[in-house]
Amino acid sequence: MIPSFFNNRRGSSIIFDPFSSFEAWDPFKDFPFPSSSLIPRENSAFVSTRIDWKETPEAHVFKADLPGLKKEEVKVEIEDDRVLQISGERNTEMEDKNDTWHRVERSSGKFLRRFRLPENAKMDQVKASMENGLLTVTVPKEEVKKHDVKAIEISG
């Protein structure tokens, strides 16, 4: 038994079961502003898809883990105002009335992420590939022209 740190009633305690499932904890659930608690827990991992963005000397590279999605279920788009949009959807499995579900943990739902690209992005040469659930979007960069610097002699 572990004493409760969040309940001030004397004698109250929590029974700790190391084999019970751990639910996602939302530290903002009791606050009066929109938070992740508005998203059903079964969808929250998919809706908040994490995407890495790194810049190399040649390109901006975006990587997203999208396990279980096919490339047909993912869209990569570029908007006129230099915005890269990555979106997709995973549907829940159709239930058979004869099946008994004991646990549903795989995420489903839609996701949409948008990134404003810098001025040096070559918008007409964007490439995307997907292999083993990893989406890679490569946005080549324009060469930065180095300015010639001329030293000016100071008189006086």
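Three salt bridges occur in this structure, which is a predicted model. One of them joins Lys141 to Glu55, with 2.8 Å between N and O. This pair ties together distant parts of the chain, 86 residues apart: Lys141 sits in the segment after E9, and Glu55 in strand E3. The largest nonpolar core has 15 residues. Strand E6 is largely enclosed by the rest of the structure, because seven of its eight residues are buried.

**Salt bridges**

- Lys141 has a relative accessible area of 15%. That is under the 20% limit, so Lys141 counts as buried.
- Its partner Glu55 also takes part in strand pairing: the bridge partner of Glu55 in E4 is His60.
- Glu79 and Arg114 form another salt bridge through their side chains, at 2.7 Å from N to O.
- This pair also links distant parts of the chain, with Glu79 in strand E5 (residues 74–79) and Arg114 in strand E7, 35 residues apart.
- Glu79 is partly exposed at a relative accessible area of 27%.
- Arg114 is partly exposed too, with 43% relative accessibility.
- Glu77 and Lys75 make a salt bridge whose closest N and O atoms are 3.7 Å apart.
- Glu77 is partly exposed, at 31% relative accessibility.
- Lys75 is likewise partly exposed, at 49%.

**Open four-stranded sheet**

- Four strands make up an open sheet, ordered E3-E4-E9-E8, with antiparallel pairing.
- Strand E3 (51–55) and strand E8 (127–131) are the edge strands; each has a single partner, so one side of each lacks a neighbour in the sheet.
- On average, neighbouring strands here are turned by 15° against each other, direction ignored.
- Five bridges hold E3 and E4 in their antiparallel pairing.

- E5 pairs with E6 in the antiparallel sense over six bridges.
- Three residues lie between the strands in the hairpin of E5 and E6, where Arg82 takes a positive phi near 65°.
- E6 and E7 also run antiparallel, joined by eight bridges.
- Ser87 lies in strand E6.
- Ser87 is buried, with a relative accessible area of 11%.
- Beyond its neighbours within four places in sequence, Ser87 contacts Glu73, Val74, Lys75, Phe111 and Leu112.

**Nonpolar core**

- Phe62, Leu66, Leu84, Ile86, Leu135 and Val137 have the most contacts inside the largest nonpolar core.
- Strand E4 (59–65), strand E6 (83–90), strand E7 (109–116) and strand E9 (134–140) each give two or more residues to this core.
- E9 gives the most, with three residues.
- Leu66 touches Thr49, Val74, Arg90, Phe111, Met130, Gly133 and Leu135, leaving out residues up to four places away in sequence.

Conventions:
Residues are numbered from 1 along each chain as its sequence is written. This is a predicted model: local features need pLDDT of at least 70, side-chain atom pairs count only at pLDDT 80 or more; totals for chains, interfaces and linings use all residues. Side-chain values use heavy atoms; hydrogens and water are left out. A nonpolar core is a set of buried Ala, Val, Leu, Ile, Met, Phe, Trp, Tyr and Cys residues joined through side-chain atoms within 4.5 Å. Buried means under 20% relative accessible area, exposed over 50%, partly exposed in between (1.4 Å probe, protein chains only). Contact means heavy atoms within 4.5 Å. Two strands pair if DSSP finds at least two bridges between them. Axes are lines fitted to C-alpha atoms, for helices over the stretch in contact, and angles run from 0 to 180 degrees between N-to-C directions. A salt bridge is a side-chain nitrogen of Lys or Arg within 4 Å of a carboxyl oxygen of Asp or Glu.
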